[in-house]
Amino acid sequence: MGLPPTTIWTREQVATRILAGDTLFVLNGALIRVPPSWLATHPGGNLAILHFVGRDATDEVEAFHSDETLQKMKGFAIGRVEAGEDGWEPFVPPIANGWIRRKGHDGKVEWYDEARPMRSTEDSETSPASQILLKKAHTGAEETQQAGPTLAQLQPTPNKLSLKTEKMHSDAYKELHKRVIDAGLYKTRFITGYGPEFVRYTLLAVTSAVCYYKGWLIPSALFLGLCWQQLTFFAHDLGHVGVTHDWVLDRVISIFVADLIGGLSIGWWVNNHNVHHLVTNHPSHDPDIQHLPFFAISPVFFKSLWSSYYKREMTFDIFAKFLISVQHKLFYIILSLARFNLYANSYGYLIKTAFEPKRYRGGRWWWWAEIVCLGIFFAWFGAVLKGCGSWGNILTYLLISHIAASPVHVQIVLSHFSRSTADFGPVESFFARQLRTTVDVICSPRIEFIHGGLHLQVTHHLFPRLPRHNLREASLIVKEFAKERGLEYAEFGFVEGNGEVTGVLKQVADQIKIIGMVADSEVREAMKN
């Protein structure tokens, strides 16, 4: 755009540029313009950026990026923003209302309303920023398509949060982050931390192989599944660049661990998981709570929402209605088979990105590396299954190994399914949102390897790049800090947590019964009249 970094941008000017198609966010007072090439090749996926267009993303950006990357971002600054004492007043990102930029039939990049088929003719019961079910535009009997987002759609809906209070939370987070850095908790403990982990991975793999060699197929499948479960935690750490802290090295290792050994795409997982971290527990945007037709953790899913991540309607049809009505009873059964869903998501993602430009960090090598490693996975695991002999043995081995790896799915949902799914709009700070939507699982240090660090989700969500073995020490700092400021740091025991999650599922299931009773009552009343 040719403007010097000293340029001061008013809120109106920023809005004008966003409506014109620029991708802008605020970082430490500077206005960062994301070039289309950067947006298309961002290692964390484009949604991680699109959800912060028009917002102050300082806390999120610093939580997810190294000092080296932060330094490079300064080169994309086009000026500074005009902000008041309470900081920058954020806009609602266009993606929150279903608007994205894409090439039209004439080859020009233009606004596209991807959620248009989902537009409701009635106002949503929640805020427009929370839902992308907005009113249709009508001209007589015909629908008209807007040319792009409007200035009104960029404005946050007034709610109980104050910009001043959220700035105080943001300032508190920066102070807390400094304490964690000063404590040296970003340093990975390879010997005392990952040393025992590698021994555990090796023992599980070797035990599985020995049992298989001796023809003990069920124990072999069990130990293989437990090995996968433990390696999932390692892949999780690598995906956050929380092991070596070098993107290329962590990605290479994670492709070996996730793709070659586990048969899952680390590229898909990173793309998915980053969005989860940034819009945690948002019904329309967080893929980690979008599980229709199997689960719904809020009645808001009864509206058949549009998923900005999956780019499809989460349809609440007759099939979903039945499953949700008994979801608390099917909870563990469905999660025991959840790994098969990870395969589907992984391979769908790799097919989808086959022809997308990926110029970051050396080009498209990562995509080809994943394809090759997945091919090796199918070769070795296919040989294992073939060696089981009969179809009955093959099916038994397949199911036991996958069910044995399933506790990780229970561990993941415990940290979020019982927490708030409300949307307080772009004003809410990163610090406040993570404390509100995330909960820890209380666990003895002697057995925390079973949870792989996922039991300390509050601290992990605040500092996603923090090495797993430093989370406990960091959590003590966070708890003390939260207590000083009267903020909630939620935690519960494993059994209690399971009870809370299944309780939430039952409450939502009961809502379906209530709705059905009301509908029946209305029908009977209508028939009388």
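Analyst: The second largest cavity holds about 80 Å³ of space. A cavity here is a set of points on a 1 Å grid over the protein atoms alone where a 1.4 Å probe fits but cannot get out, and its volume is the space filled by probe spheres on those points, joined across faces, edges and corners. This is a predicted model, where local features need pLDDT of at least 70, side-chain atom pairs need 80 or more, and totals for chains, interfaces and linings use all residues. Residues are numbered from 1 along each chain, and side-chain values use heavy atoms, without hydrogens or water.

User: Which residues lie nearest the centre of that second largest cavity?

Analyst: His 236, Asp 237, His 460, Leu 466 and Arg 468, out of 14 lining residues (an atom within 4 Å of a point).

User: And how much space lies in the largest cavity?

Analyst: About 230 Å³. It is lined by 19 residues, with Arg 55, Val 279, His 282, Asp 423 and Gly 425 closest to its centre.

User: New topic. How many aromatic pairs are there?

Analyst: The structure holds 28. Rings of Phe, Tyr and Trp (its six-membered ring) pair if their centres lie within 6.5 Å; planes under 30 degrees apart are stacked, over 60 edge-to-face, the rest tilted.

User: Why is the pair of Trp 38 and Phe 76 tilted?

Analyst: Their planes are at 35°, so the pair counts as tilted, with the ring centres 4.6 Å apart.

User: Which residues form a cluster?

Analyst: Ring pairs link Trp 228, Phe 340, Tyr 343, Tyr 347, Phe 377, Phe 378, Trp 380 and Phe 381.

Key:
1 Å grid on protein atoms, 1.4 Å probe; cavity = no way out; pocket = protein on both sides within 12 Å on 5 of 7 lines; lining within 4 Å.
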